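The sequence and the coordinates are shown first.

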Amino acid sequence: MLDLTRLMEAAARHPLYAGWDFSQISCFDDAAWRRLPTLTSNHLRETQPPTVHGPELLFYSSGTTGTPKMIGFSPEDLDRVSELCARFARLEGITSHSRVMVLLPMGLWTVGKITVNGHRLAGAEVFPVDLHGGIEAWQRMAGLIRPTVISSTPSVLAAWAPHYQGPRLEIVESTGEPLLDSERHLIEARFGAFVHDAYGLSECVVGTECRVRDGFHYWPDATHVEVLEPDSDRPVADGTTGELVVTSLMQSHLPILRFRTGDRGHINRRPCACGHGMPRVHLEGRIANTLKLPRAVQLDASELAALIGSQVRDGRFRYKSAPGSPAEPFLEGRFRPLLEIRIPADQADKQESVRKNLLMVLPELAELVHEQEIGLHFAIDGEKSPAAGGLA
Amino acid sequence: MPDTRRTEKLYSGTPGPYWQDELLARLRCDPRFAQPLQAATTWAAIPLGRLVENDRPFPNSNPSSLCYFTSSSTGAPKRVAFSSRDWQQTIVHRADCLAELGLGKDHLATVALPFGPWFSGDNLCESLLQLGARVLPASLYGPHLPGMACLMANVGANALITTPSIAHSMTRFPAPGLLDKLILVGEAASPSIRGRLTNHFGVVPQCLYAASEAVLGAEVQDQPGVFHWDPERLYLEVLTPQGSIVEKGIGELLVTRRYGDAMPLLRYPLNDRVELLPDAKDGPLFRYLGRSGHAFGLATGVKVRRAQLERFLDEIPGLIHAAHFIVEHTPESDRLQIILGGSGPLPEPADVCNRFINSSLDVADAHRCGFLTIAAKLHDAPVRAKRQLRITEAPWNL
């Protein structure tokens with residue numbers, strides 16, 4: 001991995017960081033580091049990359065925050081990101097006996113390439129399979145490969161799960177988009193395997209779950225994670241929720257420093273029950289002012305949060321819209337957006353009253369739920385929910 | 001320079017690559033090859049090779065790291081495995097071929113190929129990176145082709161690597177800027193397609209000959225269909241129609257590869273017909289003649305070959321993505337139904353029938369003598385990376 005000095009040297013040469021003062025920084029704890037500005041998705045999209053010479057692999061982000069962004073990797077950058085993915089794989093229990101079917105988009109997105117390379121580094125036998133062809137093709141490839149591990153996106157896995165015919169797997173890895181509880185239970189039930197979710201962005205890979213599944217472990221020598229107030233560059237108190245801001249110590253070709261992820265979460269530095277000492281990131285959803293529901297309905301996220309909060313203490317929600325390109329063509333008609341509301345176990349009895357209140361106060365949401373344009377699902381913290389899923 | 005060590009072997013009367021002893025010694029330690037090689041004391045006695053079956057485990061000493069599948073153009077898809085060392089050696093071999101075709105650090109190359117589970121665009125990307133090029137790994141999905149053409153123009157790509165079918169499909173969209181290189185892989189490119197691509201992209205296409213199982217070589221400049229191969233890495237022979245294996249002449253191509261732990265190739269038939277040419281000053285050459293193998297027979301004893309069918313399909317106006325030949329043998333005559341799926345303006349069925357009849361004197365003779373009736377159907381079909389060719393020969397019904 002890169003050290004901070006080399007990363008800042010690379011950043012100082014890049015137009016993205018014109019005007020950033022790195023002179024007083026020797027480590028992430030320096031006050032000068034915290035005074036640096038942050039990098040936004042728009043800034044990254046709008047800044048023209050410098051003309052480069054030498055080998056470079058051009059990928060695109062998935063377009064979660066708007067128009068996809070072009071992200072260039074040098075071969076050395078890719079090697080470092082792949083090494084981090086290999087650490088994920090080893091933590092999950094991938095060995096030289098694992099046969100890994102990588103069911104991810106292999107071109108333009110980074111996720112397929114780094115997943116293949118990471119598992120190879122971890123010693124597994126890897127079968128790259130693109131998403132083309134849909135469920136019938138995936139099933140046929142699984143029959144040929146006889147995998148022990150499948151790595152894919154939650155949408156793809158949830159769509160395939162009801163139709164999966166094959167041996168029990170050892171591990172299912174989900175990556176590339178948020179994994180809802182209902183999807184996790186559906187996937188585990190149908191594939192017969194433990195699901196490890198991973199968290200990362202096209203700009204910066206972050207972490208993965210261990211067997212305890214209490215947050216995403218991340219490696220501080222590869223990714224530096226800060227939590228800032230969503231509307232300013234001020235840090236929040238340790239352990240408090242805010243916007244996750246990441247710095248990649250893997251990429252020097254397009255350095256990623258203090259990148260605002262648009263995700264809400266907090267850092268947990270307490271030792272994990274799994275025995276690994278790495279800190280963990282807990283994700284709590286996207287920072288979004290409005291949720292874009294089907295039929296062009298827009299729902300004010302703060303209003304929804306206030307409605308839930310008025311009835312349950314520490315209640316949370318996550319919304320997942322239909323999968324975007326490139327998985328979308330293969331999941332057409334098989335997926336509907338899902339609004340998942342999490343309620344602490346000690347207030348589980350309030351689930352029905354929350355539902356009634358939401359549907360009464362938000363008639364547009366009620367109509368979408370009634371006409372099955374959107375799924376409304378409740379999850380109780382610390383309790384397994386039925387395998388409902390977002391399947392149409 | 002010709003490989004003198006190789007020619008020495010030829011003149012000494014013991015044909016085979018000069019490195020045969022080293023290769024055979026290695027393979028005799030491999031449980032998959034030990035038995036067939038036990039009886040083979042000379043190169044000439046080595047049996048024809050085949051891929052290791054899917055359900056046979058690889059030896060622990062040579063673990064496979066990455067697996068793809070063949071495109072199943074010759075039947076069911078077969079597993080193609082690489083150890084880490086194989087993968088690296090394949091990258092270097094392919095990079096050398098791409099360098100011969102003129103690709104290098106001044107290129108921003110779009111790779112419009114499948115990246116899995118079929119043949120490997122991934123390996124090609126890494127070969128380009130090895131040459132210092134910039135790479136856009138566009139992958140392949142029909143509905144995205146117009147977007148890909150725009151993307152190529154936006155990033156200033158000056159090289160495109162794809163299959164002839166896909167390159168031809170892209171002629172429906174505006175040319176994606178000025179290309180310096182157009183490299184075709186994965187299937188043969190007919191002269192008519194080459195001409196259309198030259199007109200559209202403004203550059204003469206060149207071919208890289210690489211099957212799923214092995215990299216073969218780069219096309220020689222100004223000699224379409226003639227490829228240069230590397231005797232340091234490969235040893236090529238042909239199986240003649242008479243059943244003998246020779247180092248020069250026309251026949252089915254047999255490939256022996258010097259590297260490859262996970263899946264060694266020893267006299268492996270690729271189902272391609274080639275002519276192994278006399279060595280040129282830059283090394284050995286071969287000419288690609290089409291897919292080998294019998295396609296179907298007609299009542300008059302006429303044997304129609306796959307290469308013949310492919311040549312017929314290449315010469316049809318429009319682009320044929322899928323072809324199905326159904327032969328039914330009846331007491332009165334043979335009935336051949338040709339079902340073609342394609343895009344672009346397609347010819348009339350009668351024109352297709354006439355073209356097939358006139359594709360060979362034997363077929364024309366069978367038709368004119370009343371032993372063969374032909375019907376054709378054409379329909380729109382989605383773009384495919386490689387043309388699908390199916391042949392159904394109904395049992396004799398005499």
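Is Arg213(A) buried, partly exposed or exposed? The model is a predicted one, and in it Arg213(A) has 14 other C-beta atoms within 10 Å, so it counts as partly exposed, since a residue needs 20 or more such atoms to be buried and 12 or fewer to be exposed.

**Backbone angles**

Most residues other than glycine have a negative phi, and most peptide bonds are trans. Against that background, Arg213(A) has a positive phi of about 60° although it is not a glycine, and it is found in the loop that links strand E8 (205-208) to strand E9 (216-218) of chain A. Arg258(A), likewise not a glycine, has a positive phi near 45° and sits in the loop between strand E11 (242-248) and strand E12 (259-268) of chain A. With 21 other C-beta atoms within 10 Å, Arg258(A) is buried, whereas Arg213(A) is partly exposed.

| Residue | Phi |
|---|---|
| Arg213(A) | about 60° |
| Arg258(A) | near 45° |
| Gly243(B) | about 95° |

In chain B, a cis peptide bond with omega of about 0° joins Gly116(B) to Pro117(B), and Pro117(B) belongs to the loop between strand E3 (108-112) and helix H5 (121-130) of that chain.

E10(B) and E11(B) form a hairpin with 5 residues between them, and Gly243(B), which lies in the turn, has a positive phi of about 95°.

In soluble globular proteins, nonpolar side chains tend to be buried together. Here the largest nonpolar core has 165 residues, and those with the most contacts inside it are Met101(A), Val111(B), Val135(B) and Ile161(B). Helix H4 (residues 75-92) of chain A gives the most to this core, namely 8 residues. Once neighbours within four places in sequence are left aside, the residues in contact with Met101(A) include Phe127(A), Val129(A), Met141(A) and Ile145(A). Apart from the largest core lies another core of 19 residues, among them Leu309(B), Ile316(B), Ile320(B) and Val352(B).

**The contact between the chains**

How many residues does each chain give to the contact? Chain A gives 22 residues and chain B gives 27 residues. On the side of chain A that touches chain B, the elements giving two or more residues are strand E1 (56-60), strand E4 (125-129) and helix H6 (134-145) of chain A, and E4(A) gives the most, with 5 residues. By class, this side of chain A has 13 nonpolar, 5 polar and 4 charged residues.

Strand pairing also crosses between the chains: 2 bridges join E1(A) to strand E4 (residues 134-136) of chain B, and these strands run parallel. Leu57(A) has Val135(B) in E4(B) as its bridge partner, and Val135(B) is also one of the residues with the most contacts inside the largest nonpolar core.

Notes:
Residues numbered from 1 in each chain as written. Chains lettered and ligands numbered in written order. Predicted model: local features only at pLDDT ≥ 70, side-chain atom pairs only at ≥ 80, totals over all residues. Pairing = 2+ DSSP bridges. Helix = DSSP H or I, 4+ residues; strand = E, 2+ residues; numbered from the N terminus. Core = buried A, V, L, I, M, F, W, Y, C linked by C-beta atoms within 7 Å. Contact = placed C-beta atoms within 7 Å. Nonpolar A, V, L, I, M, F, W, Y, C, P; charged D, E, K, R; others polar.
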